[in-house]
Structure formats: structure tokens, C-alpha cells
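Trainee: Could we go through the side-chain contacts in this one together? I'd like to start with the rings and then move to the charges.

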Amino acid sequence: ALALTSLVAIRPAPATALVQETSPISSWRPNNGIAYAQARVGDMIVLGGTFTSMRSPSGQIATRNRLAAISATTGELLPWNPNPNGENIRTVAASPDGTRVYVGGTFTSIGGASRTNAAALSATTGSATSFVANSNATVRQMRFIDNRLFLVGTFWKVNGVTRGNGAEVDPTTGALKPWNPKVTSGLITVAGASDGIYVGGYFSQIGNANREHVAKTDRTTGALLPWTSGSTCQDSTNKCDVWDILATPDTIYLAQGGPGGRIVS
């Protein structure tokens, strides 16, 4: 958490003024479990995690299984309730037009439909859309890069087709695109740049070459590119896995685990 907080702090300043609330709104929040991810969709803030209920500021309890939405204006719990089964929601992403919410994790049913570990939901009703990108293991992150949808995790198949822990899919249908990073073990995060797609996680090989936890791939095919981070971690019992990546025009920032956690640029 410290690493991710630090990563946010080094983002370039936005064009508009930064406003810090001196009196934060009292809001509903998870009553149990963990909130792994959140995304803003209009006035709605969607939370995903392992929780099974939400608690109001006054102590009222409402059932929400692994997904919930609160108003960004009032902090009130919203009726939006896709009710996934399974273990968790690990990632939440809003579509560029704000009409859909993409979620990934470990589940087999969500929004009233059979979906395995990845789904697109109506931002209005919470119902599953026609998007199908079923993976055979956990999806850790879904991220839009230039209106393209990428997902990474610990899976090796999407819609029955082999993929090396990462895939690009059509945002509407879920149909597979050519990008395939061919990573030998799990991915946690993906980020885009004008000349490549970066992936991070706890892998040591990608495309039959050695890379420690982070690599750069071709934007279309996923083939490994020559770039290396120069960042290594020698602690074999507490490795510096990459948990998040921020790509700017001239610098790549890595939020890493390992001894104490750290930021590398």
C-alpha cells in the first residue's frame, strides 16, 4: 500500500487545480474483508474486493458480495449490485464512455450471467453485457490503453485459446486480439507507452528470455522488446515483484514489493 501511495504522488500535476477536502464525506464502506480496487464512473465509485457487506456511518449493514457502488457526492450506498460469486474482485475499470464497468478476479457468475473471472457490467443496472472473455484462472488487472482493453493475471487461456498470463480483447465482445506476452508465471499489472506495452508481476521469464518482474512488449503482438529496467532484487525470500507501473513519455515508474517496498524509476 505504501508503494502504491508513493506511485500516485509522482504523477504529473493535472491541468486543473488539485482540491483537498478538509472535511471528508462520511460514506458507506466495506464492513468486512478487503477492498482491492476502485474506479470512478460518473458520480458512482465502484469498489471491488473480498467483502460481503457494507456499513453505513451510522452502523447500518447491507449485503454486497465483492462489488459495491457508492455516490461520490453523498457517500450513500447505491442499488447497483452485480452480486458475483467466487473468491474476489481484484480489478475494476470504467469504459472510456462511462457506460460499462469491467471487473476481473475469481468468480463464475456475475450480473445474472455465467462469466469466468472477467466480465463487463452495465454501469446503470449492474447486469452482465454480451462481453465474454472467460479465463481459466484469476484476472489481476483490466486496463484500457488507448481505448484497447488489456487483462493480465495468472491465467494461460482466454476463451479456450492459449495466452501467457496476458491478453488483449475486444471491449465489446471479448474476442481475442493478437497481443500475447507469453509470460511463464503471473502478471499483476500492465501499462502502455507510445512504443510498447509494459507488464509487471512476479515472473522471471518472458518469451523464452530472462526478465526480472518487468518487461516491455510489442504493442501489437506482445513479442518481447530489448528494453530492460536495470532494477534487480537479490532477496530470494522477499522478491521485488512489480505491483504497479506508471509510464510517462520519458520515464517508467515501478511500485515494487521486496524488502520494505520501494519505488524505482
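**Rings and charges**

Mentor: F150 counts as buried because its relative accessibility is 0%, and before we go on, please keep in mind that this is a predicted model.

Trainee: Which ring does F150 form an aromatic pair with?

Mentor: F150 pairs with W179 in an edge-to-face arrangement, with 5.0 Å from centre to centre and 90° between the planes. The pair links distant parts of the chain, since F150 belongs to strand 13 (residues 148–153) whereas W179 sits in the loop between strand 16 (166–169) and strand 17 (187–193), 29 residues apart.

Trainee: And W179, is that buried or exposed?

Mentor: W179 counts as buried, at 0% relative accessibility.

Trainee: How many aromatic pairs are there in the whole structure?

Mentor: A search of the whole structure gives four aromatic pairs. One of them joins Y102 and F131, whose ring centres are 5.4 Å apart and whose planes meet at 85°, so this pair is edge-to-face, as the angle is over 60 degrees. Y102 lies in strand 8 (residues 100–106) and F131 in the loop between strand 11 (118–122) and strand 12 (139–145), so the contact ties together parts that are 29 residues apart in sequence.

Trainee: Which residues do ring pairs link into a cluster?

Mentor: The cluster consists of Y102, F131 and F144, linked by ring pairs. Y102 counts as buried, with a relative accessibility of 0%, and F131 counts as buried at 0% as well.

Trainee: What lies over the face of Y36?

Mentor: That is R90, at 3.7 Å from the ring centre of Y36.

Trainee: Switching to salt bridges, how many does the structure hold?

Mentor: There are six salt bridges, and one of them brings the side chains of D244 and R143 together at 3.5 Å, N to O. This pair links distant parts of the chain, with D244 in strand 22 (residues 242–247) and R143 in strand 12, 101 residues apart. D244 is buried, with a relative accessible area of 14%, while R143 is partly exposed at 21%.

Trainee: What does E168 form a salt bridge with?

Mentor: E168 forms one with R148, where the closest N and O atoms are 2.8 Å apart. E168 lies in strand 16 and R148 in strand 13, so the bridge ties together parts that are 20 residues apart in sequence, and both E168 and R148 are buried.

Trainee: And where does K216 lie?

Mentor: K216, which meets D195 in a salt bridge at 2.9 Å, N to O, lies in strand 21 (residues 214–217). K216 is buried, with a relative accessible area of 9%, whereas D195 is partly exposed at 46%.

Key. Residues are numbered from 1 along each chain as its sequence is written. This is a predicted model: local features need pLDDT of at least 70, side-chain atom pairs count only at pLDDT 80 or more; totals for chains, interfaces and linings use all residues. Side-chain values use heavy atoms; hydrogens and water are left out. Rings of Phe, Tyr and Trp (its six-membered ring) pair if their centres lie within 6.5 Å; planes under 30 degrees apart count as stacked, over 60 as edge-to-face and the rest as tilted. Helices (H or I, at least four residues) and strands (E, at least two) are DSSP runs, numbered from the N terminus. Buried means under 20% relative accessible area, exposed over 50%, partly exposed in between (1.4 Å probe, protein chains only). A charge sits over a ring if NZ of Lys or CZ of Arg is within 6 Å of the ring centre and within 35 degrees of the ring normal. A salt bridge is a side-chain nitrogen of Lys or Arg within 4 Å of a carboxyl oxygen of Asp or Glu.
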